[in-house]
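Hi,

Here is the structure I said I would pass on to you. Have a look at it first, and then read my notes below.

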Amino acid sequence: MDSPAHALVLSFYNRFTGRIALSVGYGPGLVEIFPFVFEDLCGTPIGIIALAVMVLEDREVVHLYHLGAFAPGSGHGTTMLKELCREANRLCVAISLSPIPSPNGNPPLLDDDALEAWYQRFGFRGDGHLVREPG
């Protein structure tokens with residue numbers, strides 16, 4: 001039987017079948033992590049997310065390797081993160097991440113501090129490595 005953390009990751013990768021053929025990192029067992037294309041309720045692609053299960057302090061959590069809206073500043077990042085947090089709450093799974101701005105060639109919309117503050121609005125806590133407990 002899959003753990004709640006595995007169920008969370010599988011629920012998103014099964015729900016959103018579009019993939020970006022660009023690895024964002026390696027998970028346990030050196031398995032490459034590829035983002036999926038997140039679609040809004042109308043089926044319009046609004047961004048990408050990359051997730052995997054990792055062990056943090058002797059428990060499984062879902063690590064958010066990447067979250068990127070196709071139109072930064074549009075609210076799509078918020079939409080995607082709210083859905084991820086909603087599902088994490090339902091399955092009682094913690095989410096971890098290391099917030100790193102990913103500029104797209106234009107002046108960055110959020111610097112390090114602003115990005116960390118944005119994640120904190122969703123309940124993420126920590127210093128450098130953030131964790132959000134289910135609530």
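**The second pocket, and what else turned up**

Let me start with the second largest pocket, where helix H1 (4-15), strand S2 (31-33) and strand S4 (45-56) each supply at least two residues of the lining. Before you go further, keep in mind that this is a predicted model.

Which element gives the most to that lining? S4 does, with five residues. The lining has 15 residues altogether, and Pro28, Val31, Ile33, Ala52 and Val53 are the ones that lie nearest the centre of the pocket. Sorted by class, 10 of the lining residues are nonpolar, two are polar and three are charged. The space inside the second largest pocket comes to about 190 Å³.

Now for the core. The largest nonpolar core has 33 residues, and those touching the most other members are Leu51, Leu64, Leu81, Tyr119 and Phe124. As background, nonpolar side chains in soluble globular proteins tend to be buried together.

You will find Leu64 in strand S5. Is Leu64 buried or exposed? Leu64 has a relative accessible area of 4%, and the cut-off for buried is under 20%, so Leu64 counts as buried. Leaving out residues up to four places away in sequence, Leu64 touches Ile49, Ala50, Leu51, Leu81, Leu84, Ile95, Ser96, Leu97 and Tyr119. Val53 is 11 residues from Leu64 along the chain, and their C-alpha atoms are separated by 8.9 Å.

Next, the aromatic rings. How many aromatic pairs does a search of the whole structure find? The search finds eight. One of them is Tyr13 with Phe36, an edge-to-face pair with 4.8 Å centre to centre and 80° between the planes. This pair links distant parts of the chain, since Tyr13 is in helix H1 and Phe36 is in strand S3 (residues 36-39), 23 residues apart. Both partners are on the inside of the cut-off: Tyr13 counts as buried because its relative accessibility is 14%, under 20%, and Phe36 is buried too, with a relative accessible area of 0%. Tyr13 and Phe36 also belong to one aromatic cluster, together with Phe12, Phe16 and Phe38.

Last, two serines in loops. Ser74 sits in the loop between S5 and H2. Its relative accessibility is 37%, so Ser74 counts as partly exposed, a class that lies between under 20% and over 50%. Ser74 and Ile46 are 28 residues apart along the chain, with 9.4 Å between their C-alpha atoms.

Ser102 is in the loop between strand S6 (95-97) and helix H3 (112-120). Why does Ser102 count as exposed? Because its relative accessible area is 54%, and exposed means over 50%. From Ser102 to Leu30 the separation is 72 residues in sequence and 23 Å in space, C-alpha to C-alpha.

Best wishes

Definitions and conventions:
Residues are numbered from 1 along each chain as its sequence is written. This is a predicted model: local features need pLDDT of at least 70, side-chain atom pairs count only at pLDDT 80 or more; totals for chains, interfaces and linings use all residues. Side-chain values use heavy atoms; hydrogens and water are left out. On a 1 Å grid over the protein atoms alone, a cavity is a set of points where a 1.4 Å probe fits but cannot get out, and a pocket is an open set with protein on both sides within 12 Å along at least five of seven lines; lining residues have an atom within 4 Å of a point. Grid points are joined across faces, edges and corners, and a volume is the space filled by probe spheres set on the points. Helices (H or I, at least four residues) and strands (E, at least two) are DSSP runs, numbered from the N terminus. Ala, Val, Leu, Ile, Met, Phe, Trp, Tyr, Cys and Pro count as nonpolar, Asp, Glu, Lys and Arg as charged, and the others, Gly among them, as polar. Buried means under 20% relative accessible area, exposed over 50%, partly exposed in between (1.4 Å probe, protein chains only). Rings of Phe, Tyr and Trp (its six-membered ring) pair if their centres lie within 6.5 Å; planes under 30 degrees apart count as stacked, over 60 as edge-to-face and the rest as tilted. A nonpolar core is a set of buried Ala, Val, Leu, Ile, Met, Phe, Trp, Tyr and Cys residues joined through side-chain atoms within 4.5 Å. Contact means heavy atoms within 4.5 Å.
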